[in-house]
Structures are given as C-alpha cells and as structure tokens.
Amino acid sequence: MDYQCGRMLETFGHLPVAWLLFAVLAVAGFVSFFAGRTQAVTVGHGQTERLNSQPNYHGYFVAMATIGPAAVILVLYALFGDSIVRAQLASELPQRIRDLGSLELGQYIDRISEQAARRDAASTGNALFDAATSRYTDLLGLSRIIAVLAALAAAGLGFFFARRQLSVHFRARSRVEDGIKFMLFLCAGIAVLTTIGIVASLFFEAMRFFSRVSVFSFIFGTEWNAQTGADFGAIPLFFGTFMIAFLAMLVAAPIGLLSAIYLSEYASPRFRGVVKPILELLAGIPTVVYGFFALQFVAPIVRAGANWVNGLPFVPDGLLAAQPTSALAAGIVMGIMIIPFVSSLSDDVINAVPQTLRDGAYAIGATKSETVKQVVMPAALPGVIAALLLAVSRAIGETMIVVMAAGQRAQITPDPTADLTTITVQIVALLTGDTEFDSAKTLSAFALGFVLFIVTLIFNLIALRVVQRYREKYE
Amino acid sequence: MNSPAPSPSEKGSFGSAAAMKRLKQRHRAEMRFKLYGQLAIGIAIVALVTLLISIFGQASSAFSRNVLTFDVRLDAEQVDPSGERDPEAIARNVSGFNLLLQDNLAEDFLPGETDRARLRELYGMFTRLAVLPIARKTAENPEIIGTGQEFRVALADDIDLYLKGGVSERKSLKLGEIQDVTGTLDDGIDVTFADMKAVEDLRSALETFRERSEGDNQPAALIQLGETWFRLQDIDGRTASLTYLAGASTMPAAGTNASTLVLEQSEENRTVSDRQIAWTMLLKEDGRVKSVFNTSLFSHSDSTYPELAGTAAAVVGSLWTMLVTALLAIPVGIFAAVYLEEFATKNRMTDLIEVNINNLAAVPSIVFGLLGAAVFINFLGLPRSVPLVGGLVLGLLVLPTVIIASRAALKAVPPSIRDAALGVGASQTQAVFHHVVPLAAPGILTGSIIGMARALGETAPLLLIGMVAFVAEVPDGPTDESTVLPVLIYKWSTGAERAWEPQTAAAIIVLLVFLVLMNLIAIILRRRFERRW
C-alpha cells in the first residue's frame with residue numbers, strides 16, 4: 001500500500017498536469033453547461049418561454065459556477081505551488097546545504113528539479129542528491145494531487161449549488177452578466193495591480209537596501225562602485241542621467257517643436273500626410289537598433305570630432321576626453337529617438353488652439369510666423385511644456401541606447417565626449433547574469449529603480465495633469 | 001508687432017518707405033521661420049535615412065558568406081570509429097570530421113608538413129564547429145560513409161571578412177612577365193621584372209600605404225607567380241627578392257606572368273596571415289572558395305563563432321514570448337477597455353484606474369524588468385530566461401497601450417448603435433458584445449498589433465530576467481530557456497571580433513522585417529475595415 005502510494009505520487013510528479021487540468025476544466029465546463037440547460041428546460045416543463053431567462057443562460061450560469069472556483073484554485077497553485085514545494089524541500093535538506101546561502105541553495109534545487117523532470121534519469125551516484133530528487137518528485141506529486149482534489153471539490157460544490165438555484169423565476173441572465181462584468185472589472189484591475197506590484201517590489205527591495213546603506217550616503221554620495229559592493233553614492237549616476245537627457249533634449253526639443261509647427265501651420269495636407277508617418281517611423285524603431293547606430297556610427301564621429309577639436313592650435317591639450325563611447329553620442333541618438341514624441345504631442349497641442357485665435361491675429365495684419373510666435377505658442381505653451389516633460393521622462397528612463405553607447409564609468413564631468421554612466425545602465429549592469437537577491441549590490445539596482453520610477457512618475461503626473469487642464473480649457 | 005509705434009509723420013501711410021522696409025523685414029523673418037521648420041524636418045528625415053543606410057550598408061556583407069568546398073571520401077575509420085553507425089555518436093564526432101577535412105586541406109597545401117604552427121595556420125581557415133552540419137547530415141544518412149562526398153564549410157570569420165574587403169586596405173597590380181629567376185624556393189628567390197613601369201607602380205603603392213599608416217606598421221606585398229605565392233622581402237631596381245609562401249612548389253620559369261597584392265597592414269597588425277591570404281587566393285582560383293547566400297543566418301542558432309551564428313533560436317524564442325504576451329495583453333487589454341468605456345460608472349475608483357493606466361503607459365520599460373525580477377523570479381520562483389516570464393513582463397508592459405487603443409476604438413462607435421440595441425430590448429452586455437465590440441474590432445486589432453510590435457522590439461526588461469543567456473538550441477516551448485531577437489542583437493553588438501558588426505546589422509534587419517510586416521498588417525486592416533461614422 002505504502003509502495004503503491006509512493007508510485008502514485010511519483011507518477012503525478014511527472015505528469016504534464018497543466019494540460020490535463022485544462023482539458024478537464026474544459027470538459028467540466030461543457031458538461032455543466034448542458035446540465036444547466038437541460039435542467040432549465042425540465043424546470044420550465046419544456047415551455048422555455050415561461051422561464052425568466054433563456055435556457056442557455058442557465059447553462060452559462062452553471063458552467064460559470066463550476067469552472068470559476070476551480071480555475072481560481074488552479075491559478076493560485078500555478079503561482080505558488082512550485083515555491084511551496086521548494087520551500088518544503090529546502091527545509092528538509094541537511095543543515096550544511098541550507099547554510100549555503102539562498103543563491104546556491106536555489107541553484108541546488110534547480111538542479112534537483114531538472115533531474116526530476118528527466119524521467120529516465122539514471123542515478124547520479126550522489127546519495128543525498130538522489131534522495132532529494134525522489135523526495136522532490138513526491139512532494140510535487142503530493143502538491144498536485146492536493147491542488148487537483150481541491151479544484152475538483154470546488155467545481156463539484158459550485159455545480160451542486162448552482163443547480164439548486166435554477167428555477168422558473170431565476171434571473172440567470174443577469175447573474176451571468178454580473179459575472180461577466182466582474183471579470184471585466186478584474187481585467188481593468190490588473191493594470192492597477194501592476195502599479196501596486198511595481199511600487200511594492202521597488203519599495204520593499206529598496207528598503208532592504210537602505211537598511212544596509214544609509215539613504216543619505218546613497219543620495220548624496222559621489223562615489224559609485226557597486227560592482228565591488230563598496231560605494232553606493234548615486235550622484236554620478238544622477239548626473240550622467242540628466243546630462244544625457246539634457247543633450248537629448250537639446251536635439252529633440254528644437255527639431256521636434258519646429259517640425260510640429262511647420263507641419264501644423266505651414267505644410268500642405270499632402271506634405272503632412274507623407275512626412276508625419278515618416279517622422280513617426282522614428283518612434284517605431286526598437287531602441288536596441290538606435291543603440292547599435294549610436295555605438296557604430298555616431299560614437300566614432302563624435303570621437304573624431306573631439307580629437308579634431310583637441311588638435312586645434314588654441315585649444316589646450318586634451319581638453320576633451322574623446323572616449324570611444326560618450327555621453328554626446330548617446331545624447332544625440334536619444335534625441336533623434338524622441339523627436340517624434342515631442343513633435344506629435346506638440347502637434348496635437350498646436351492643433352487644439354482654436355482657429356479663431358489665429359484668424360484674429362491675421363485680421364490685424366500679422367504674418368504667419370508672428371501669429372505662431374505671439375498668439376499660437378503662448379496659448380499652447382502649457383501643452384508644449386507637458387510634451388517636453390514627457391519627452392524628458394522618456395529620455396531619463398531610456399535604457400538600451402545608454403547601455404550600448406554611454407559607457408560604464410561613474411564620473412562627474414561637464415565634458416560631453418567623456419563616457420558617463422546612468423541609472424538605467426547601472427541597473428542593467430547590476431542585474432544581468434546570475435543574481436543573488438540578498439546582496440547590497442543587487443538591492444542597489446532596486447533602489448535606483450525606485451528613484452527612477454519616482455522621478456519619471458512626477459514628470460508624467462505633472463505632464464498629464466497639464467495636458468488634461470489644457471484640453472478642458474479649449475474644449 | 002514689436003515694432004515701435006509709428007511716428008506722427010508716418011501715420012496712416014502704409015506705403016511710406018519706412019513701412020515698406022519694415023514689411024520687407026517682416027517677410028524675411030517669415031521666410032526664415034518657415035525655413036527653420038523645413039530644416040528641422042529635413043534633419044529628422046536625414047537622421048532616419050542615415051540610420052537605415054548605415055545599418056543596411058553594414059548588413060549587406062553579412063547576407064553573403066564565403067564557403068570552402070571539400071571533395072572528400074568519408075573514411076569510416078575517422079567518421080565512425082566504433083563502426084556501429086550510431087547516428088548520435090556520428091553527430092557528436094565533431095573532431096573526427098574536423099580531422100578528415102583538415103587532413104584533406106593539408107594534403108593539398110602542406111603535404112608532409114610537420115611544423116605544428118604552420119599546420120595550425122592552415123587549419124585556421126575554418127573553425128572546428130563548422131563541420132557540425134556535415135556531421136549531422138552524415139548521421140542522418142549513414143550510408144554515405146565510405147563514399148566520396150562534396151561538402152561546404154563556412155570559412156573562418158576573419159578570412160570571410162578579408163574576402164569582403166575588410167581586415168586591411170589593399171590594392172592589386174599586374175606586374176607583367178618576369179625575365180630572370182635565381183635562388184631556391186627554400187632560401188628565397190630573386191626575380192627580375194621586365195616591365196619597369198609596373199615595378200614603379202608597386203613601389204608607389206607601398207609608399208602610399210606607408211605614408212598613411214602610423215606607428216611601426218609596414219605595408220606588405222604578396223606576389224603571385226603562376227600557381228605559387230611569394231612574399232616580397234626587398235626590391236632593388238627591377239629585381240625583387242621573394243620568399244615562398246604557398247602554392248605549387250616548383251621554381252617559376254622565366255616568362256611567367258606576375259601579379260601582386262599590396263596590403264596596407266603588416267602581417268602582425270592583421271587577423272589574417274600572409275599565408276592564409278595566399279591559400280585563400282589559390283582556393284578562390286580553384287573555385288573551391290565561393291560566395292553564397294548566407295542561409296545559416298536564418299537556420300543556425302547562436303554560436304560563439306560569428307560565421308556560424310544565426311538567428312533561428314532567437315526568432316523562435318521571440319515567437320514564444322510574443323505568444324505569451326498576446327495571450328495576456330490582448331484579452332485582458334480588450335476586456336479592461338470594454339469595462340472602462342462601457343460599464344464603469346464615473347466614480348473615484350474608475351478615475352484611479354484611468355490615471356493609473358495613463359501613468360503606466362509612460363513608466364520606463366526597465367522598471368517592468370525590475371518588477372519581473374522581483375515578483376516573477378524572486379517571489380513566485382518562476383525560472384529565469386524563459387519566454388513565459390518574458391512574455392508576462394512584456395504583456396504587462398504593453399497592456400496600457402492595448403487598453404488605450406481599444407478604448408479609442410470603442411469610443412469611435414457612435415452611441416446610436418448602443419441606443420438602437422438597447423431600444424429593441426437587448427441588455428447592456430448584449431448591446432456591447434453583440435454590436436459595439438464587433439464594430440470596434442478592426443481598431444482594437446490594429447491597436448493590439450501595434451502594441452505587439454512594441455513588445456517585439458523591447459530589450460531592456462528582458463535583460464533583467466535573464467534572457468541574455470547563451471542559447472544554442474531552438475526552444476521547444478514557453479518554459480524552455482531561450483533568448484529573443486532584440487537581446488541577441490544587443491549581445492552580438494558587444495562581440496569583440498569585427499565580424500560581429502555586419503552580423504548584428506543583419507539581425508537588426510531580420511527584426512525590422514518582422515516589425516514592418518506587423519505594421520503593414522495593421523495598416524491594411526485599418527485601411528480595409530475602418531469605418532467613418
């Protein structure tokens with residue numbers, strides 16, 4: 001008996017349960033639907049017009065009550081089942097392995113689960129490992145059996161109670177519709193849950209970081225050596241981030257704004273119809289492509305330019321750093337990338353300025369450019385500022401261009417041809433590869449992410465608020 | 001408008017000289033302003049065109065690849081030493097196949113050579129792993145063992161790059177006939193050229209390269225006499241002293257036609273040696289080295305050797321990731337949009353959700369990567385580097401985009417449709433799902449595809465959940481370790497060897513093709529099904 005029980009656990013530990021359950025749930029859904037419908041017809045003595053709702057809705061109601069609870073249990077299992085099994089296995093392992101630290105322990109259990117997934121795997125010769133593997137399989141099987149039984153019980157209960165409710169006067173349709181509405185609401189809630197997840201995960205990991213490194217030394221420190229786990233002063237990163245964002249805005253703001261003005265005030269509809277999509281192409285190019293462009297094409301030009309400046313007779317020797325990756329290269333390319341953000345947002349804003357304002361200006365003899373400069377732009381100013389703020393927030397959060405073309409050195413220098421590093425570059429550098437979630441090094445990435453999130457959030461909130469006010473003003 | 005108030009004498013006279021001058025100034029300002037606008041658009045378009053040209057220019061060389069043809073008998077001893085014809089053992093026997101081809105090459109170029117360094121130089125013409133496709137093909141058809149077969153092997157990346165014009169600046173010259181030959185192949189020969197002008201050309205070519213280069217670089221000249229290649233040691237008047245490099249080991253006869261290849265970089269400053277260049281040229285004359293369309297770019301998975309690396313695994317990984325993303329983002333996004341647009345009553349909860357969605361759309365993508373690392377990997381214990389987690393992260397990332405696009409599409413359906421449905425007795429749910437959503441479907445679909453295109457190009461969040469792992473196998477499912485196309489591009493761009501640059505650009509083009517296709521579908525859908533009310 002004991003042996004058979006063990007075999008059953010093992011078999012379950014190997015089964016592709018997810019697909020099986022999916023099939024079972026689908027079948028259960030169909031069966032309960034038809035059961036509900038048939039019962040509705042029976043309740044109505046074959047005269048469906050006597051029923052409050054169509055028989056189909058009775059069927060949907062029963063199916064919903066059957067699948068819903070079971071699906072909830074299975075989703076919970078899918079999310080937490082594995083970690084529960086691993087935690088249980090970890091607690092049963094000998095002390096010396098548990099002392100390894102969370103990263104190595106995790107890798108050890110990874111190896112166990114890989115070994116367990118191979119059905120025909122031969123013994124590895126390591127008695128402890130083999131025992132752990134078979135225990136893992138058993139635990140997995142046990143957890144699956146519990147999950148399946150719980151899901152089946154929930155489905156059965158739901159089926160039973162749903163059927164008891166069916167009657168001639170039962171408002172099946174409105175109950176089904178309430179269910180649908182609830183599901184729609186849940187979907188809308190996922191967006192909120194995402195935000196909560198972001199804030200919570202960043203906040204808690206950042207707090208863990210700040211329990212090791214003081215907030216003050218993080219925000220005001222000027223030395224950054226996270227890779228060695230020594231210094232966590234983020235000022236050079238903030239400097240690099242804003243420097244590159246500033247350079248990007250130097251490119252994007254004039255080009256974006258002027259092209260938006262030209263497109264909305266001067267261009268013929270045909271010209272606009274051709275050029276606007278071309279500008280928007282710039283927004284559709286993946287950032288990794290911009291990064292490659294910056295690294296391969298722009299950075300060498302910037303370097304050559306810096307060397308040329310250094311070679312000028314009246315320039316002190318070595319004025320510019322002329323690094324192979326530079327803040328300027330990253331800034332220029334990032335500026336190109338955000339041109340369409342600035343231009344299409346300001347285009348919207350400029351178009352929203354009522355035509356009557358322009359007509360008034362023309363009527364007193366203003367030229368087009370005078371109208372734009374002295375009437376349209378002042379009226380559109382809040383919206384334009386909002387557009388620029390959104391673009392800045394975009395530039396601060398941009399990752400791939402700076403990872404590829406800005407460099408890794410945390411330094412503070414006004415020289416745009418030097419390599420600078422940014423918040424996002426450091427997050428990538430700290431979290432790429434195998435990471436241990438307990439080290440200050442990894443946690444510092446979350447602290448940086450938290451700062452990044454807060455800063456961009458403030459920019460976005462202000463910008464969105466301004467845009468909304470502005471829209472209300474002219475609508 | 002900023003002009004000073006007109007003085008009394010000019011009052012009322014729009015035709016006065018001062019007024020005309022002012023008008024002219026104002027018109028010039030107008031022209032200037034217009035020009036700035038055109039200039040801005042011009043700069044943006046030039047930037048886009050430069051970007052595309054630089055990438056296509058880089059990539060063009062990666063779409064062809066030089067291969068080396070072998071005509072060998074598959075010796076059973078070497079290919080299948082166990083003699084069991086076990087397909088797996090044959091496919092794994094890379095070193096056996098490698099030896100076979102190396103011996104074949106050595107027989108042709110270095111017969112009886114014992115100098116290991118020299119042999120290694122020759123074996124450097126292709127990389128060890130390049131024989132893997134041959135091994136796999138043999139494993140599939142074991143009956144070809146023992147027969148003569150023709151195989152193609154990718155040339156080593158440096159030599160491929162050399163043939164495509166990289167590695168070193170160079171110039172080919174004809175030197176005309178030689179008159180007189182003295183010396184031996186082993187100790188070096190002295191050759192007198194008939195044509196003084198050709199020799200002058202050679203000298204001036206060497207001189208130009210020498211002037212151009214900095215440091216201790218000396219340009220090199222390789223000289224071909226018939227079937228044999230020599231290195232130029234010294235040239236004095238019309239007489240040049242040469243050392244033997246490669247090719248037929250017979251003394252060239254007087255009257256043989258000579259030609260030369262002048263290289264800007266000295267041998268030490270190059271990744272390809274003089275001898276390798278000579279062998280390559282000989283093979284090329286034989287027709288054994290040929291340029292073919294680079295199919296391995298699409299059929300191979302990632303490799304540490306640029307000439308063997310391809311995008312297949314990354315493309316499949318991207319597809320699995322996109323599948324998960326689509327399954328999460330599209331239904332949830334549409335349902336959320338339907339709820340907000342059709343069912344939600346205006347209250348604080350709804351306002352909160354709205355503000356939240358707008359903000360979420362502007363959150364930097366890397367923050368979603370941090371979310372994935374903290375929640376999916378650390379908290380829920382899902383595996384790293386798998387499309388499932390990548391897809392979930394990207395799904396959450398594009399969810400706001402899909403919601404916003406779907407809401408716009410739903411908003412565009414006129415209220416009369418809803419009113420008519422409600423008027424004939426449909427419930428609100430019926431009105432929405434039977435009438436409004438089908439009419440908004442093209443717009444919703446377009447928005448969803450654009451959202452998916454954004455997800456396809458996204459890199460940063462995936463770096464944080466470990467999708468940068470080296471993946472040499474095409475993933476079988478969403479829980480297999482894999483990488484995606486943009487991450488592959490990032491990884492290749494960090495490769496040290498020069499050959500990675502065109503390879504990266506080619507991978508970018510593969511990515512761009514997918515993006516263009518998706519956007520085209522979106523545009524066609526919009527054109528075909530969009531209704532204006």
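Q: Start with chain B. Which residues of α4(B) meet α5(B)?
A: Q102(B), L105(B), A106(B) and F109(B) are the ones on the α4(B) side. Their counterparts in α5(B) are L119(B), L122(B) and Y123(B). Keep in mind that this is a predicted model.

Q: At what angle do the axes of those two cross?
A: At roughly 110°, and the axes come within 10 Å. Here α4(B) covers residues 94-109 and α5(B) residues 116-123. Angles of 65 to 115 degrees count as roughly perpendicular, so α4(B) is roughly perpendicular to α5(B).

Q: Is that crossing left-handed or right-handed?
A: α4(B) passes α5(B) in a right-handed crossing.

Q: Over to chain A. How far apart are the axes of α3(A) and α7(A)?
A: They are 8 Å apart, and the helices pack at an angle of about 45°. The pair is therefore oblique, and the crossing is left-handed.

Q: What touches what there?
A: From α3(A), Y57(A), H58(A), Y60(A), F61(A) and M64(A) take part. They meet A172(A), R173(A), R175(A), V176(A) and G179(A) of α7(A).

Q: New topic, α14(A). What does it span?
A: Only 37 Å between its end C-alpha atoms, for residues 368-397. A straight helix of 30 residues would span 44 Å.

Q: Where does it bend?
A: At L381(A), by about 60°. A proline, P382(A), follows within four residues.

Q: And is α14(A) mostly covered or exposed?
A: Mostly covered, with 21 of the 30 residues of α14(A) buried.

Methods
Residues are numbered from 1 along each chain as its sequence is written. Chains are lettered from A and ligands numbered from 1 in the order in which they are written. This is a predicted model: local features need pLDDT of at least 70, side-chain atom pairs count only at pLDDT 80 or more; totals for chains, interfaces and linings use all residues. The expected span of a helix is 1.5 Å times one less than its number of residues. The bend at a residue is the angle between axes fitted to the seven residues ending there and the seven starting there. A residue is buried if 20 or more other C-beta atoms lie within 10 Å of its own, exposed if 12 or fewer, and partly exposed in between; C-beta atoms are placed from the backbone. Axes are lines fitted to C-alpha atoms, for helices over the stretch in contact, and angles run from 0 to 180 degrees between N-to-C directions. Angles under 35 degrees count as roughly parallel, over 145 as roughly antiparallel, 65 to 115 as roughly perpendicular and the rest as oblique. A crossing is left-handed if the near helix is turned anticlockwise from the far one by less than a right angle, and right-handed if clockwise. Two residues are in contact if their C-beta atoms, placed from the backbone, lie within 7 Å.
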